[in-house]
Amino acid sequence: VALRYRALRDIKGRNDTPRILSDLIKSERYLKKAGAQIELARTHLTLGRYYIDRGDTRRGQIYIERAWRSFSKFNRQLFPEELITFLPQQRRIEIIMERTISIGETLGAIPDRSLFLDKLIDLAMDVTVARRGGIFIVDGKGDIAPMASRNLDPEYIGEGYVHKIRAKILEASRNYSDGMILDGVSDKGIFADVDMTGLICLPIRLGRQLYGYLYLESHLSG
């Protein structure tokens, strides 16, 4: 474990020396011999990040997959969300299916509307690995108001950014009856100055009645 921490310290200090990889390989060897599965998985994660950061994605994915298999035996919550995109496609599908099932099971047991909406946005962001998200309700005048949100505080992201989000939702309501999904690369429009890689804006309906929109942003790499 100490060898891994020394490697992490060198990485953080930008001391890109051969000792980093040497320490991580030794850490892997000793932890494997000791049978310390959780700590071994953490070293595999560090090795995975190490190789990916240096352009060797294939080798990095091998170590990340090893870490996933170990964490799956104990507690999947220990696996970092941002590394899910580096898992093989079948693994990612399994994760999405499990989380989708948990949405149905969890939401069906919540009687209070505010708690329901809070849990809904949490689960939606969890499934999509979104950085920001919210549920916006359409009022009688055609305006929108946030009913539940994450990381959309105007004091944190600025009033101007909130206005952009409202404008995008209103655009979706006027021009896209089935919602809007953008990859963030082809056409950002009003978000051209924002470090965003994906956007989802989907209508929330019950029958023909439109109640609002689910809004999600991703800032992960492609």
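This is a predicted model: local features need pLDDT of at least 70, side-chain atom pairs count only at pLDDT 80 or more; totals for chains, interfaces and linings use all residues.
Helices here are DSSP runs of H or I with at least four residues, strands are DSSP runs of E with at least two, and both are numbered from the N terminus. By that rule, the protein has eight helices and five strands.

Residues are numbered from 1 along each chain as its sequence is written, and side-chain values use heavy atoms, with hydrogens and water left out.

Let us begin with helix α1 (residues 2-12) and helix α2 (residues 18-34), which pack at an angle of about 155 degrees with their axes 8 Å apart. Axes are lines fitted to C-alpha atoms, for helices over the stretch in contact, and angles run from 0 to 180 degrees between N-to-C directions. The angle makes α1 roughly antiparallel to α2, a label for angles over 145 degrees. On the α1 side, the residues that meet α2 include Leu 3, Ala 7 and Ile 11, and their partners in α2 include Ile 20, Leu 24 and Leu 31; contact means heavy atoms within 4.5 Å. The residues of this contact divide into seven nonpolar, one polar and seven charged. In this sorting, Ala, Val, Leu, Ile, Met, Phe, Trp, Tyr, Cys and Pro count as nonpolar, Asp, Glu, Lys and Arg as charged, and the others, Gly among them, as polar.

Further along, helix α3 (residues 37-53) and helix α4 (residues 57-74) pack at an angle of about 155 degrees, with their axes 7 Å apart. That makes α3 roughly antiparallel to α4. Among the residues in contact are Leu 45, Gly 48 and Tyr 51 of α3 and Gly 60, Tyr 63 and Phe 71 of α4. By class, the contact of α3 with α4 has 11 nonpolar, six polar and three charged residues.

What lies inside? Of the 222 residues, 35% count as buried, meaning under 20% relative accessible area, with exposed over 50% and partly exposed in between (1.4 Å probe, protein chains only). A nonpolar core is a set of buried Ala, Val, Leu, Ile, Met, Phe, Trp, Tyr and Cys residues joined through side-chain atoms within 4.5 Å. The largest such core has 15 residues, and Phe 136, Ile 157, Ile 165, Ile 169, Leu 199, Cys 201 and Tyr 215 touch the most other members. Two or more residues come from each of α8 (159-175), β4 (198-206) and β5 (209-218), and α8 gives the most, with five. Apart from this core lies another, of 13 residues, among them Leu 45, Trp 68, Ile 84 and Phe 86.

Ser 218 is found in strand β5 and is buried, with a relative accessible area of 17%. Ser 218 and Thr 197 are 21 residues apart in sequence and 5.7 Å apart in space, C-alpha to C-alpha. Not counting residues up to four places away in sequence, Ser 218 touches Val 129, Arg 131, Met 196, Thr 197 and Gly 198.

Asn 151 sits in the loop between β2 (144-150) and α7 (154-157). Most residues other than glycine have a negative phi. Asn 151, although not a glycine, has a positive phi of about 60 degrees. Asn 151 is partly exposed, with a relative accessible area of 44%.

Methods: Angles under 35 degrees count as roughly parallel, over 145 as roughly antiparallel, 65 to 115 as roughly perpendicular and the rest as oblique.
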